Amino acid sequence: MTGSGVGHPSVSHWSFSLHPDIMKLPSACLLLGVSAVLLAGGTVSEVSLIVRPDLQQFFSGQSVSLSCEDGQTADGWTVKRTKGTLTETCGASGSDFGVFKDSSCVLDLLSSYTGVYWCETSAGQRSDHINITVNQKEDRAFILEVPALPVEKGSNVTLHCRHKDGSTRAAYFYRNSHIIGDGVKSQKAIIHRVQQSDEGSYWCSTDTSGSSPHSYLRVRDPPLPQPSSHPMTASTSSADGANHTASSPSPSVSLVHLLCHLLVLCPYCVCSVLLASICCSRASGNQAVVSIETTQLGELGDVAADVTTEHEF
């Protein structure tokens, strides 16, 4: 038995190429992530360390309360401070750094409590830092009462020169080495309609008892007004003839809030449309993420027909 010229079909080959739509995915995912961060960031209130009383300087023996708040007590935040090179948490076991009472960190101040204080979460988020100075009465006769928290632009700030016996004394008040006022001693210094230029280092002094430590007054912009729950202004009269008027938000305030929402939502909408277009393109039959080239069945049939076999008996 002899055989002649058996033909072999060509071997199928595979080639892989990325669909152009797949290249859009990293950009879409990045844009989606940014949008999510913006959306989340717009709903979280800023947490601040609140000091009561709101002062930077104290005499030893005074009691101070510290709390983390965003309009109310903020859950998941703790009060921390630096002590030398160490970071301590209020109320921690084995530490003399305060005790917790009604969601606040209460300190009976010692001179060793001078330091930097802030609020922090377990994830490492931090509030602004506040410097607190505790003075021994043997070392200082006066302290200057300056707010620990930044004051809003346009507000009034009153400074006192506090004696160690608890009384206020007539003194000279200074800012950045310049005397405040007309150079006459006074019981207090009032800064009217605070502006950014009023930031600086303040202290007070007397003719006989020296000067206070320096404190830095910080100024911040006021928060944006919250939209009113009454969208329109209306005046109605009751049965007794009294007029009742409902207040309305300023048009400029509403425009600001609208722009803020658009700024946050636009990237999210663009990302959603982009992802939807990719999904629709792939679902409609354009599934060339991997292209597979094979020898067609018709060609295989032609090759098979060319195969001949001879038999001899």
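Which strand pairs with strand β13 (residues 172-175) in the antiparallel sense over four bridges? In this predicted model, the partner is strand β16 (residues 200-205).

**View 1**
Strands β13 and β16 are antiparallel and share four bridges.

**View 2. The turn between β13 and β14.**
The two strands β13 and β14 make a hairpin, with two residues between them. N176 in this turn has a positive phi of about 50°. S177 is in the loop between β13 and β14 as well, and its phi is positive at about 75°, although S177 is not a glycine. Most residues other than glycine have a negative phi. Is S177 buried or exposed? S177 has 59% relative accessibility and therefore counts as exposed, the cut-off being over 50%.

**View 3. The disulfide of C68 and C119.**
How many disulfides does the model have? The count comes to three disulfides, and the one shown here joins C68 to C119, with 2.1 Å from S to S. A disulfide is a covalent bond between the sulfur atoms of two cysteines. The angle about the S-S bond of C68 and C119 is -100°, and this link is left-handed. Because C68 lies in strand β3 (residues 63-69) and C119 in strand β8 (residues 115-121), the pair ties together parts that are 51 residues apart in sequence. C68 and C119 are both buried.

**View 4. The disulfide of C90 and C105.**
The sulfur atoms of C90 and C105 are 1.9 Å apart and form a disulfide. This link of C90 and C105 is right-handed, with 95° about the S-S bond. C90 sits in the loop between β5 (86-89) and β6 (99-101), while C105 belongs to strand β7 (residues 104-108); the pair, 15 residues apart, links distant parts of the chain. C90 has 3% relative accessibility and so counts as buried, since buried means under 20%. C105 counts as buried too, because its relative accessibility is 0%.

**View 5. The disulfide of C161 and C204.**
C161 and C204 are joined by a disulfide with an S to S distance of 2.1 Å. The link of C161 and C204 is right-handed, at 70° about the S-S bond. C161 is buried because its relative accessibility is 0%, and C204 is buried because its relative accessibility is 0%. When the bonded cysteines of the protein are numbered in sequence order, the pairing reads 1-4, 2-3, 5-6.

**View 6. The nonpolar cores.**
Which residues of the largest nonpolar core touch the most other members? They are L66, V79, L107 and Y117, out of 25 residues in that core. Two or more residues come from each of the elements β1 (48-52), β3, β4 (77-83), β7, β8 and β9 (130-135). Leaving out residues up to four places away in sequence, V79 touches L49, L66, C68, E88, T89, C90, F97, C105 and W118. Another core, of 17 residues, lies apart from the largest one and includes L144, V151, I191 and V194. In soluble globular proteins, nonpolar side chains tend to be buried together.

**View 7. Q196 and its contacts.**
Q196 is in the loop between β15 (188-191) and β16. Its relative accessible area is 37%, so Q196 is partly exposed. Apart from neighbours within four places in sequence, Q196 is in contact with K153 and V219. Q196 and D221 are 25 residues apart along the chain, and their C-alpha atoms are separated by 8.7 Å.

The peptide bond from R52 to P53 is cis, with omega near 0°. P53 belongs to the loop between β1 and β2 (57-59). Most peptide bonds are trans. S103, in the loop between β6 and β7, has a positive phi of about 65° although it is not a glycine. With a relative accessible area of 48%, S103 is partly exposed.

How values were computed:
Residues are numbered from 1 along each chain as its sequence is written. This is a predicted model: local features need pLDDT of at least 70, side-chain atom pairs count only at pLDDT 80 or more; totals for chains, interfaces and linings use all residues. Side-chain values use heavy atoms; hydrogens and water are left out. Two strands pair if DSSP finds at least two bridges between them. A disulfide is a pair of cysteine sulfur atoms within 2.5 Å. Buried means under 20% relative accessible area, exposed over 50%, partly exposed in between (1.4 Å probe, protein chains only). A nonpolar core is a set of buried Ala, Val, Leu, Ile, Met, Phe, Trp, Tyr and Cys residues joined through side-chain atoms within 4.5 Å. Contact means heavy atoms within 4.5 Å.
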